[in-house]
Amino acid sequence: MTRPRRSHLFMPGSNPRALEKARNLAADGLILDLEDSVAPDAKAVARDGIAAAIAAKGFGKREILIRTNGLDTPWWADDVAMAAKASPDGILVPKVSRVEELDTIGRRLAELGAAPTVKVWAMIETARAVLHAEELAAAGRDPARRLSGFVFGPNDISRETRIKMLPGRAAMIPMISHCILATRAHGLEILDGPYSDIANSDGFATECAQGRDLGFDGKTLIHPSQIEACNAIFTPPEEEVARARKIIAAFGLPENVSRGAIRLDGAMVERLHADMARRTIEIADAIAAMGKG
């Protein structure tokens with residue numbers, strides 16, 4: 001199933017008002033957080049709050065992920081136990097760097113009786129994870145690992161590697177491209193990391209456009225004010241969707257069904273353009289469906 005993932009907003013699990021507000025936000029997805037935004041002494045309260053929020057339903061067609069604490073923390077076991085029972089669309093696990101960690105996550109979800117629909121998202125935020133992104137993505141071919149995609153974590157990568165977080169992210173583009181290639185080679189999705197300067201709307205828009213052009217499926221957000229711009233930037237323009245429909249229609253004509261390339265509006269169009277057009281249409285239709293639900 002193609003679903004839009006233009007905007008995934010982090011919401012602190014320890015804030016009941018934020019969780020309630022999330023039901024009416026225009027984000028494609030919500031990441032109910034147990035990690036960075038929750039203090040150590042509030043982990044249990046956040047866990048209970050997220051479980052209650054999911055049980056109450058009302059999130060519509062938004063994708064619901066729970067970000068657990070890392071496997072090396074004292075909270076992960078309780079986090080994953082709650083998530084398995086709450087049955088969100090998936091869990092987002094920080095600092096996944098080894099295939100063995102994916103095995104541990106998948107095995108524990110199975111032991112807890114988590115529904116097969118509960119998927120796993122891995123945060124790529126260590127030097128090792130970036131170096132082994134292709135290996136991690138390939139491991140997702142095993143359905144027991146439940147892997148659906150990556151979330152690129154630039155802030156932790158910056159901290160570990162000492163690469164400066166500068167406008168334009170030039171130093172990080174090789175790493176970003178490497179991770180995107182890994183996901184595409186193995187049929188996974190990938191989301192860009194958050195932009196921290198909430199007040200800098202121009203900088204945020206620039207980074208969203210860069211992420212879109214690099215091939216990210218969408219972006220993780222840290223404030224509701226970022227949703228509208230993010231959705232707009234990651235939505236295929238109307239003229240692009242119209243062009244895509246025209247390409248599909250042209251290849252559907254009896255005289256073109258067996259042809260590998262055709263002439264359309266003065267340009268040569270190949271079958272690969274038809275494949276790209278189908279993806280554009282699927283995303284556009286899925287976005288339209290989100291608006292109706």
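**Entry 1: a word to settle before starting.** I call a residue buried when its relative accessible area is under 20%, exposed when it is over 50%, and partly exposed in between, using a 1.4 Å probe and protein chains only. This is a predicted model, so I note that local features need pLDDT of at least 70 and side-chain atom pairs count only at pLDDT 80 or more, while totals for chains, interfaces and linings use all residues. Residues are numbered from 1 along each chain as its sequence is written, and side-chain values use heavy atoms, with hydrogens and water left out.

**Entry 2: one histidine.** Is H186 buried or exposed? I found that H186 is buried, because its relative accessible area is 16%. H186 sits in the loop between α8 (173–185) and β7. For these labels, helices are DSSP runs of H or I with at least four residues, strands are runs of E with at least two, and both are numbered from the N terminus. Next I listed its contacts, where contact means heavy atoms within 4.5 Å. Leaving aside neighbours within four places in sequence, H186 is in contact with E134, A137, A138 and R141.

**Entry 3: the barrel.** I followed the strands and found a closed barrel of 8 strands, running β1-β2-β3-β4-β5-β6-β7-β8 with parallel pairing. Two strands pair if DSSP finds at least two bridges between them. From one strand to the next, the twist averages 25°. For such angles, axes are lines fitted to C-alpha atoms (for helices over the stretch in contact), and angles run from 0 to 180 degrees between N-to-C directions. Helix α9 (residues 201–214) packs on the sheet and touches β7 (189–192) and β8 (218–221). The direction of α9 makes about 140° with that of β8.

**Entry 4: walking from strand to strand.** I began at β1 (residues 7–12), where 5 of the 6 residues are buried, so β1 is largely enclosed by the rest of the structure. On one side, β1 and β2 run parallel and are joined by 5 bridges, with F10 opposite I31 in β2. β1 also pairs with β8 in the parallel sense over 3 bridges, and here S7 stands opposite K219 in β8.
Then I moved on to β2 (residues 29–33), which runs parallel to β3 (residues 63–67) and is joined to β3 by 5 bridges. D33 has R67 in β3 as its bridge partner.

**Entry 5: a look at β7.** I reminded myself that in a regular strand the side chains alternate between the two faces of the sheet. Which residues of β7 point one way, and which the other way? E189 and L191 point one way, I190 and D192 point the other way, and all are buried. β7 pairs with β6 (residues 147–152) in the parallel sense over 3 bridges, and F150 stands opposite I190. β7 and β8 run parallel and are joined by 2 bridges; the bridge partner of D192 in β8 is K219.

**Entry 6: the nonpolar cores.** A nonpolar core is a set of buried Ala, Val, Leu, Ile, Met, Phe, Trp, Tyr and Cys residues joined through side-chain atoms within 4.5 Å. How many residues does the largest nonpolar core have? I noted 64 residues, and those with the most contacts inside it are M11, L30, I91 and F150. α3 gives the most to this core, with 6 residues. A second, separate core of 10 residues includes I247, F251, I262 and A274.

**Entry 7: two helices side by side.** The axes of α2 (residues 43–56) and α3 (residues 76–86) come within 10 Å and cross at roughly 10°. α2 and α3 are therefore roughly parallel to each other; angles under 35 degrees count as roughly parallel, over 145 as roughly antiparallel, 65 to 115 as roughly perpendicular and the rest as oblique. R47, I50, A51 and I54 of α2 make the contact with D78, D79, M82 and A86 of α3.

Entry 8: I found R159 in helix α7 (residues 154–161). R159 is exposed, because its relative accessible area is 60%. L272 lies in helix α12 (residues 271–292) and is partly exposed, with a relative accessible area of 43%. The C-alpha atoms of L272 and A261 are separated by 9.1 Å, and these residues are 11 apart along the chain.
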